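Here is a short report on one protein model. Look at the structure first, then read on.

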Amino acid sequence: MKDLRRKQVVFIQYYNSPCGEIILASAGDCLCLCDWNKMPCAERNKHRLMRLLNAECIIAPSAVLEETKKELDEYFAGKRHTFEIPLHPVGTDFQKQVWQALLEIPYGETRTYKEIAQKINKMKGIRAVAQAIGANGISILIPCHRVIGTNRSLTGYAGGIEAKRLLLNIECQNTPYG
């Protein structure tokens with residue numbers, strides 16, 4: 001049976017950051033994707049987004065994407081500590097709960113996976129928390145790069161460890177992650 005629901009349009013643009021190309025997508029007046037282009041996670045997140053939003057992609061500018069690029073430029077220049085872009089994260093209720101906890105990590109600070117699990121009262125679900133963090137499709141703005149290992153080491157990151165190190169160094173000028 002053919003799906004007769006009208007497809008939503010998602011606008012896509014690319015942004016060249018100091019740590020790699022990022023794919024950006026907006027739906028309506030919200031950013032719904034900011035992910036590391038050409039990485040497996042970005043493809044998964046893009047497909048999940050298209051499926052759950054019943055959307056089709058077009059490569060075209062939107063006001064949200066242009067503002068996102070401006071705010072990312074300011075962030076990478078060390079001039080922006082918070083983002084004002086309206087977000088539309090697409091995921092399960094549990095994932096959204098984890099991503100909300102990430103949004104509460106202040107600029108320049110880090111938390112461990114265990115601390116995030118404690119924050120959302122899921123102490124037996126540290127692995128599930130880590131999986132939800134890995135499924136974050138709005139990198140940088142939902143700051144999964146601020147999550148580190150219990151031993152304070154840099155652990156996996158969708159954009160790669162070097163990108164994570166660069167982002168933390170931008171935010172933690174006095175405490176470089178080397």
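Glu74 is partly exposed, at 22% relative accessible area. (Buried means under 20% relative accessible area, exposed over 50%, and partly exposed in between, with a 1.4 Å probe and protein chains only.) The model is predicted: local features need pLDDT of at least 70, side-chain atom pairs count only at pLDDT 80 or more, and totals for chains, interfaces and linings use all residues. Residues are numbered from 1 along each chain as its sequence is written, and side-chain values use heavy atoms, leaving out hydrogens and water.

Which residue does Glu74 meet in a salt bridge? The partner is Lys70, at 3.6 Å from N to O. (A salt bridge is a side-chain nitrogen of Lys or Arg within 4 Å of a carboxyl oxygen of Asp or Glu.) Glu74 and Lys70 are four residues apart in helix α2, so about one helical turn separates them. Helices here are DSSP runs of H or I with at least four residues, strands are E runs of at least two, and both are numbered from the N terminus.

Lys70 also forms a salt bridge with Glu67, with the closest N and O atoms 3.7 Å apart. Both lie in α2 (residues 63–76), three residues apart. Glu67 is partly exposed at 30%, and Lys70 is partly exposed at 42%. A network of salt bridges links Glu67, Lys70, Glu71, Glu74, Arg80 and Glu84.

## A link across the sequence

The whole structure has 10 salt bridges. One of them joins Lys119 to Glu104, with the closest N and O atoms 2.9 Å apart. Lys119 lies in helix α4 (residues 113–119) and Glu104 in the loop between α3 and β5 (111–112), so the pair ties together parts 15 residues apart in sequence. Glu104 is partly exposed, with a relative accessible area of 41%.

## Two crossing helices

How do α3 and α5 cross? The axes of α3 (residues 93–103) and α5 (residues 126–134) come within 9 Å and cross at roughly 80 degrees. That makes α3 roughly perpendicular to α5 (65 to 115 degrees). Axes are lines fitted to C-alpha atoms over the stretch in contact, and angles run from 0 to 180 degrees between N-to-C directions.

On α3, the contact residues include Phe94 and Trp99; on α5, they include Ala128 and Ile133. (Contact means heavy atoms within 4.5 Å.)

## Ser17

Ser17 sits in strand β1 (residues 8–17). At 11% relative accessibility, Ser17 is buried. Leaving out residues up to four places away in sequence, Ser17 touches Ile22, Trp36 and Phe76.

Conventions
Angles under 35 degrees count as roughly parallel, over 145 as roughly antiparallel, 65 to 115 as roughly perpendicular and the rest as oblique.
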